[in-house]
Amino acid sequence: MSAIELFSINIPTDQINDLKVRLASARLPDEPDEAGWDLGTPVNEVRRLVNYWRDNFDWRVAEARLNQLPHFTTQIQVDGFDPLRIHFMHLTSSIPGAIPLLYVHGWPGSFLEGTKIIQTLSGDGVADPAFHVVGISLPNFGFSEGPRKRGFGLEQYAETCHRLMHRLGYREYVTQGGDWGYYITRTMALLYPQSCKATHINFDYGGGPPGFWKYPLLAIEHAVTPYTEREKRGMQRRKWFSEESSGYRAMQTTRPTTVSYALTDSPVALLAWIYEKLHDWSDHYPWSEDEVCTWISIYWFSTAGPGASLRIYYEASHTWKDSASTKVTRARTGEWIDSVKIGYSHLPMELRISPSTWVRKLGPIVFDRQKDRSGHFYAWEAPESLIEDVRDMFRRGGGAHGVVSGRNGYLG
């Protein structure tokens, strides 16, 4: 079994200096008067953040703050691929009966999002319930390595996460995620139901309307029940995302390497590409300069490089002769999985907001809550709300209470 090693974030000084040089020599584009955000990230916004990133932001301060949490690495090998060194945070609770919980980020997020929830969920004097929290850097993200071989799709991401939890001694566990975290944790529930006992989701995917032959009762309900006001607003948000904010997805799903040249060579391109999403996909969250620069710096200094994270879009939507069908598994993440309990937090500014009848195709939903704020980055925008939802789902009287047998322990 591969060793679990303590890890400290320590970016070489020459990489920090190189970033400063690139920021100092940046060329910014022109734009029409009063363009606002309609054409993408406004030049004035980028200029402001570039100046701050270059002249005022101190990566060493951000690094020290991140290193206050416990970081580790270990080698994980999934079937058909070379071993990868995986970075993760892991905070064990001192409270008996704590539940192992894996937090899985998405794009354009990272393990950073989990830093706002990991300490409180691990106990913080509250035992109703407490969690052993693991926050992974997915392969190709943050300080995890990425595969050199093609075909690393959802099954492989799910296998990486599952093997990490087993490496830590957690034979049974629960998960939390949105965005790619939704797809990956759903794939874990599909492939490893004996270990993945429940999952909390903050991503209203649901696929599409329930078909009559698979879901006759839901299909009838969908046909005769008018959408609620929340669902109508959600469908408008879904339409906006599809028509005005999803161009990145088409590019990253088809030609991720081409986009990666800009993100790898230019920190300004990386900033503009990701900051647009932070602005457009959140619920009026007041992003500070330090937050944005820390967020983007993690991508810039990432082990696999700033463009590597785009590959998940390509790999998860294509099939390969030498691997299981990622395309089939992805399709099945929007269908019923009977054995794993599901909790849902519905956010008003998420991207793909679905009607209730769509979401209820996923499986036994034991926790369902409408929220009045937050968008795509729930753990960062409203961490206290996410913590409340997760605790309510798993505490005594909650729909997923007792799903983990209590035989787990940290065996690292």
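How many residues of strand β8 (residues 341-346) are buried? I looked this up before anything else. Strand β8 is mostly covered, with 5 of its 6 residues buried. I use buried for under 20% relative accessible area, exposed for over 50%, and partly exposed for what lies in between (1.4 Å probe, protein chains only). Strands (E, at least two residues) and helices (H or I, at least four) are DSSP runs, numbered from the N terminus.

**Ground rules**

I am working on a predicted model, in which local features need pLDDT of at least 70 and side-chain atom pairs count only at pLDDT 80 or more, while totals for chains, interfaces and linings use all residues. Residues are numbered from 1 along each chain as its sequence is written, and side-chain values use heavy atoms, with hydrogens and water left out.

**Entry: strands**

Two strands pair if DSSP finds at least two bridges between them. On one side, β8 runs parallel to β7 and is joined to it by 4 bridges. In this pairing I found Thr199 opposite Ile342 of β8. On β9, 5 bridges join the strand to β8, again in the parallel sense. His346 has Gln370 in β9 as its bridge partner.

I then checked β7 (residues 196-201), which is also mostly covered, with 5 of its 6 residues buried. Strand β6 (residues 173-177) pairs with β7 in the parallel sense over 5 bridges. Val174 has Ala198 in β7 as its bridge partner.

**Entry: nonpolar core**

I looked up the largest nonpolar core, which has 112 residues. The set consists of buried Ala, Val, Leu, Ile, Met, Phe, Trp, Tyr and Cys residues joined through side-chain atoms within 4.5 Å. Trp59, Trp107, Ile184, Trp295 and Phe394 have the most contacts inside this core. Helix α11 (residues 267-281) gives the most to it, with 8 residues.

I picked Trp295 and listed its contacts (heavy atoms within 4.5 Å). Leaving out residues up to four places away in sequence, Trp295 touches Pro108, Gly109, Leu112, Glu113, Ile274, Leu278, Trp287, Phe377 and Trp380.

**Entry: salt bridges**

I counted a salt bridge where a side-chain nitrogen of Lys or Arg is within 4 Å of a carboxyl oxygen of Asp or Glu. By this rule the count comes to 22.

I looked at Glu291 and Lys116, whose side chains meet in a salt bridge at 3.9 Å, N to O. This pair links distant parts of the chain, 175 residues apart: Glu291 is in helix α12 (residues 289-300), and Lys116 is in the loop between β4 (99-104) and α4 (118-121). Glu291 counts as buried because its relative accessibility is 14%. Lys116, at 27%, is partly exposed.

Two further pairs are in helix α8 (residues 229-244). Lys232 and Glu229 form a salt bridge with the closest N and O atoms 3.5 Å apart, and they lie 3 residues apart, about one turn of the helix. Lys232 is partly exposed at 41% relative accessibility. Lys239 and Glu243 form a salt bridge at 3.1 Å, N to O, and are 4 residues apart, again about one turn of the helix. Glu243 counts as exposed because its relative accessibility is 52%.

I also noted a network of salt bridges linking Asp128, Arg369, Lys371, Glu388, Asp389, Asp392 and Arg395.

**Entry: Arg237**

Beyond four places in sequence, Arg237 touches Asp280, Trp281, Met349, Glu350, Leu351 and Ile353.

**Entry: Arg360**

I located Arg360 in the loop between α15 (356-359) and β9 (365-370). Arg360 is partly exposed, at 31% relative accessibility. Its contacts beyond four places in sequence are Leu218, Glu221, Trp336 and Ile365. Arg360 and Ser2 are 358 residues apart in sequence and 40 Å apart in space, C-alpha to C-alpha.
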